[in-house]
Amino acid sequence: MDRRLDAGALLVAAAALLLIVSLFLNWFGLGGGDGATAWEVFEVLDLVLVAAAVAAVAAAFGHLDSRLLLGAAVVAVVVVVSQLIQPPPAGQGADREIGAWLALVAAALLAAGAALAAAQVAVTVDVRGRERRRRVATVDKRTPVAPDRPGEPGEERTVVADGFA
């Protein structure tokens, strides 16, 4: 059985998962070792990012219109980049932390996955079982032949049944 796995859909799924995970990590360092996650800092944009990730996965796997995939990727990129450039009031003057950078990578991968899905790049994986060997009885099909060269009495040559000597 051949199984067709769409490379773009797989990349979109991985990027969406990374984007959602990044929301639980610190986006902004508030000083003194404290940090704030996207859930703590954003009012609505965290929900927009989750909705974009879920919509992108649903569109990549054919549950929604495929044109929605590119839109969801663009929304994720715009939201993440805008929040890195101009953080929300709770993150003003704070350093960017690992969650924000992972979200940027995830948004870029989401856009790349959308491009691959639009180009319909696919990877085919063969998941067939191995063919079992069939045992065949070995039979000697050679027959003795008289010598064809003069001067060699008593010498026998054998010819294989398929025509090779």
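Here Ala, Val, Leu, Ile, Met, Phe, Trp, Tyr, Cys and Pro count as nonpolar, Asp, Glu, Lys and Arg as charged, and the others, Gly among them, as polar. The model on screen is predicted.

**Stop 1: the largest pocket.** Its volume is about 200 Å³. Select Ser-66, Leu-69, Ala-114, Ala-117 and Ala-118, which are the closest to the pocket centre among its 14 lining residues. By class, the lining divides into nine nonpolar, three polar and two charged residues. Now colour α3 (45-60), α4 and α5 (98-119), the elements that each give two or more residues to this lining. The most comes from α5, with four residues.

**Stop 2: helix α4.** Select residues 67-85, a helix of 19 residues. From first C-alpha to last, α4 reaches 28 Å, close to the expected 27 Å. Next, show the side chains of Leu-69, Ala-72, Ala-73, Ala-76, Val-79, Val-80, Gln-83 and Leu-84, the buried residues of α4. Turn the view to look down the axis: these buried residues fall within an arc of 135°, so they line one face of the helix. On the face turned away from the buried side, pick out the exposed residues Arg-67, Leu-70, Val-78 and Ile-85.

**Stop 3: Ser-22.** Move to helix α1 (residues 7-22) and select Ser-22. Ser-22 counts as buried because its relative accessibility is 0%, and the cut-off for buried is under 20%.

Definitions and conventions: Residues are numbered from 1 along each chain as its sequence is written. This is a predicted model: local features need pLDDT of at least 70, side-chain atom pairs count only at pLDDT 80 or more; totals for chains, interfaces and linings use all residues. Side-chain values use heavy atoms; hydrogens and water are left out. The expected span of a helix is 1.5 Å times one less than its number of residues. Buried means under 20% relative accessible area, exposed over 50%, partly exposed in between (1.4 Å probe, protein chains only). The arc is that of the directions from the helix axis to the C-beta atoms. On a 1 Å grid over the protein atoms alone, a cavity is a set of points where a 1.4 Å probe fits but cannot get out, and a pocket is an open set with protein on both sides within 12 Å along at least five of seven lines; lining residues have an atom within 4 Å of a point. Grid points are joined across faces, edges and corners, and a volume is the space filled by probe spheres set on the points.
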